[in-house]
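Reader: I have the sequence and the model open. Can you walk me through the side chains and helix contacts?

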Amino acid sequence: PSFDSIPSSSSNYIAQHPSDILALLEKAPDSVVSAKVWQAFGYGFRPTDLNTGPDTASPEDQAKIPIAVRACQAIVNLGPVVLKRAIDGLASFTNGWDKLLQRQDEFIAAWLTLWPIAVTATNENADVSQPLADRAYASPVGQLLFALSGWPTVRAGDQALAAGPWPQILFAIAEATGEARLDAQYFLTRDIGYFYTADPAWTRANLIETLKMAELNDEGALELWGAFGSGDLPGPEVLAELAEPLVAAAISSELPAQVRGELTQHVILSVLLSARDQQPPPISINLAQQVLRMGGDTVRREAIRAMHEFLEIGDDAEIAKRFELVAATFRNVWPKELTLSSRQVSEGLAELPAAAGPYYAEAAELVLPYLTPFDCWSMYDYGVLDRNSVDDKYAVIDDRTKAASFLAILDKTIGNEEDAIVPNGLEGALLHIAKLAPRLEKDVRYQRLVTLSRR
């Protein structure tokens with residue numbers, strides 16, 4: 001075959017004849033035509049399964065590996081015209097073959113050849129009207145970073161990135177400028193804890209310092225906090241270095257509510273985990289209080305979510321310890337100003353005690369002062385219904401003390417005005433309360449709610 005015989009719907013043809021196409025490309029001059037074919041080859045020649053390594057790949061994909069290695073060798077020898085014009089397809093090629101070729105020197109050589117071309121293309125074609133999160137993953141730089149799936153497992157101090165191709169790769173990434181550098185920082189900041197463990201000095205210079213220096217009016221750098229918030233919680237050393245700028249970002253009106261909420265979850269979780277480990281919090285209690293006091297309803301709601309998830313994750317036998325940590329954190333960081341109470345925050349607080357299970361009454365005592373009526377449509381809004389059981393619908397409310405606490409929460413969160421929402425299942429909940437604690441039927445709060453439930 002020749003380039004003239006390759007059909008316009010080239011992807012299928014290339015997928016069926018990759019070796020023939022590659023043979024043509026290896027002999028082709030550095031031209032616009034060959035660039036178009038390389039672009040199509042990069043998109044069209046892919047393994048059947050993108051998620052398996054060479055040891056578990058199908059025979060079909062294993063047979064393609066030598067062709068992919070040949071392609072990597074050819075990429076290293078391509079001229080500037082082809083590299084520039086075909087960078088999108090070639091970046092896609094590396095992203096498709098990374099898991100099958102990650103142990104091959106030829107793959108790393110091709111990656112290093114493509115990286116400076118990807119940096120230039122990313123800087124020339126950036127659409128800054130799009131969010132950085134979208135740009136970072138779609139750009140040639142983002143595609144090449146996706147292709148680095150072979151990062152080694154690391155432990156603090158073992159210098160796992162000091163050998164093999166990693167020093168050269170880290171140096172190349174650090175040399176990127178402009179939009180390409182921003183894309184790379186966004187991509188890597190999601191895993192900032194990993195990179196700090198692997199290479200603290202590189203991470204401090206290329207990721208941490210940028211976050212520290214992100215001015216609130218510098219939209220590009222500020223968006224990096226979105227990557228930080230959406231990633232896993234890094235270790236205390238990273239959090240301690242970033243404590244003040246992280247708090248400033250969490251209360252910044254320049255960031256989307258979702259990002260500020262994710263940052264708040266990191267703040268609260270860091271306080272909980274440091275208390276669990278009997279270590280000083282990397283983000284001080286005063287700074288955590290500042291986030292909740294100044295961050296608004298969204299931030300406070302996400303703080304509650306972090307506590308809720310902390311209570312629910314782990315062995316049921318450890319609930320006592322987890323509740324003790326949540327209770328102490330709540331007392332220390334939750335703003336005492338009742339003027340900050342709101343319907344949105346109250347909805348989250350009303351559900352928190354159920355996550356404490358056997359400590360429902362104690363948790364209710366914590367949140368009751370901050371509750372206010374909200375639009376509660378169902379008993380599911382209180383977390384007390386077991387979605388998987390018919391007979392044990394209110395299993396968490398299983399004694400008179402919890403029943404009294406549940407009544408107190410219902411009373412504070414269901415309004416008395418003419419158009420107040422009456423949650424579905426209220427009458428059944430009151431019957432359950434009366435069954436456990438008959439004396440509560442005479443309580444004025446009970447009588448008010450019964451009247452509402454029959455409206």
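This is a predicted model: local features need pLDDT of at least 70, side-chain atom pairs count only at pLDDT 80 or more; totals for chains, interfaces and linings use all residues.

Reader: How many aromatic pairs does a search of the whole structure find?
Author: Ring centres must lie within 6.5 Å to pair. The search covers the whole structure, and its count is 23 aromatic pairs.

Reader: Take W225 and F228. Is the pair stacked or edge-to-face?
Author: The ring centres of W225 and F228 are 5.3 Å apart. Their planes make an angle of 75°. Planes over 60 degrees apart count as edge-to-face. So the W225 and F228 pair is edge-to-face.

Reader: Which helix holds W225 and F228, and how far apart are they along it?
Author: Both W225 and F228 are buried. They sit three residues apart in helix α15 (residues 224-230). Their separation is therefore about one helical turn.

Reader: F323 and Y359 also pair. Is that pair stacked or edge-to-face?
Author: The centre-to-centre distance for F323 and Y359 is 5.3 Å. The angle between their planes is 10°. Planes under 30 degrees apart count as stacked. So the F323 and Y359 pair is stacked.

Reader: Where do F323 and Y359 sit, and how many residues apart are they?
Author: F323 belongs to helix α20 (residues 319-333). Y359 is in the loop between α21 (343-355) and α22 (360-367). The pair links distant parts of the chain, and the separation is 36 residues.

Reader: Which residues contact each other where α20 and α22 pack?
Author: The α20 and α22 axes are 11 Å apart, at an angle of about 10°. The two helices are therefore roughly parallel to each other. From α20 come F323, A327, F330 and R331, and from α22 come E362, A363, L366 and V367.

Reader: How many nonpolar, polar and charged residues does the contact of α20 with α22 have?
Author: The α20 side includes F323 and A327, and the α22 side includes L366 and V367. By class, the contact of α20 with α22 counts six nonpolar, no polar and two charged residues.

Reader: Now α17 and α20. Is α17 oblique or roughly parallel to α20?
Author: Two packed helices are described by the angle between their axes and the distance between the axes. For helix α17 (residues 257-276) and α20, the angle is about 125° and the axes are 10 Å apart. That makes α17 oblique to α20.

Reader: Does α17 pass α20 in a left-handed or right-handed crossing?
Author: In α17, the residues that meet α20 are I268, V271, L272, A275 and R276. Their partners in α20 are L325, V326, T329 and V333. By class, that contact has seven nonpolar, one polar and one charged residues. The crossing is right-handed.

Reader: What covers the buried residues of α21?
Author: Buried residues in α21 include V345, L349, L352 and P353. The cover over the buried residues of α21 includes α19 (296-312), α20, α22 and α23.

Reader: Which helices cover the buried residues of α24?
Author: Helix α24 spans residues 426-436, and among its buried residues are L426, L430 and I433. The cover includes α23 (400-413) and α25 (444-453).

Reader: A420 is in a loop. Is A420 buried or exposed?
Author: The loop runs between α23 and α24. Leaving aside neighbours within four places in sequence, A420 is in contact with G415 and R455. Its relative accessible area is 9%, so A420 is buried.

Reader: What phi does Q278 take, and where does Q278 lie?
Author: Most residues other than glycine have a negative phi. Q278 lies in the loop between α17 and α18 (285-294). At 71% relative accessibility, Q278 counts as exposed. Although Q278 is not a glycine, its phi is positive, about 55°.

Reader: And Q159: is Q159 buried or exposed?
Author: Q159 is in the loop between α9 (140-146) and α10 (166-175). Q159 is not a glycine, yet has a positive phi of about 55°. With a relative accessible area of 58%, Q159 is exposed.

How values were computed
Residues are numbered from 1 along each chain as its sequence is written. Side-chain values use heavy atoms; hydrogens and water are left out. Rings of Phe, Tyr and Trp (its six-membered ring) pair if their centres lie within 6.5 Å; planes under 30 degrees apart count as stacked, over 60 as edge-to-face and the rest as tilted. Helices (H or I, at least four residues) and strands (E, at least two) are DSSP runs, numbered from the N terminus. Buried means under 20% relative accessible area, exposed over 50%, partly exposed in between (1.4 Å probe, protein chains only). Contact means heavy atoms within 4.5 Å. Axes are lines fitted to C-alpha atoms, for helices over the stretch in contact, and angles run from 0 to 180 degrees between N-to-C directions. Angles under 35 degrees count as roughly parallel, over 145 as roughly antiparallel, 65 to 115 as roughly perpendicular and the rest as oblique. A crossing is left-handed if the near helix is turned anticlockwise from the far one by less than a right angle, and right-handed if clockwise. Ala, Val, Leu, Ile, Met, Phe, Trp, Tyr, Cys and Pro count as nonpolar, Asp, Glu, Lys and Arg as charged, and the others, Gly among them, as polar.
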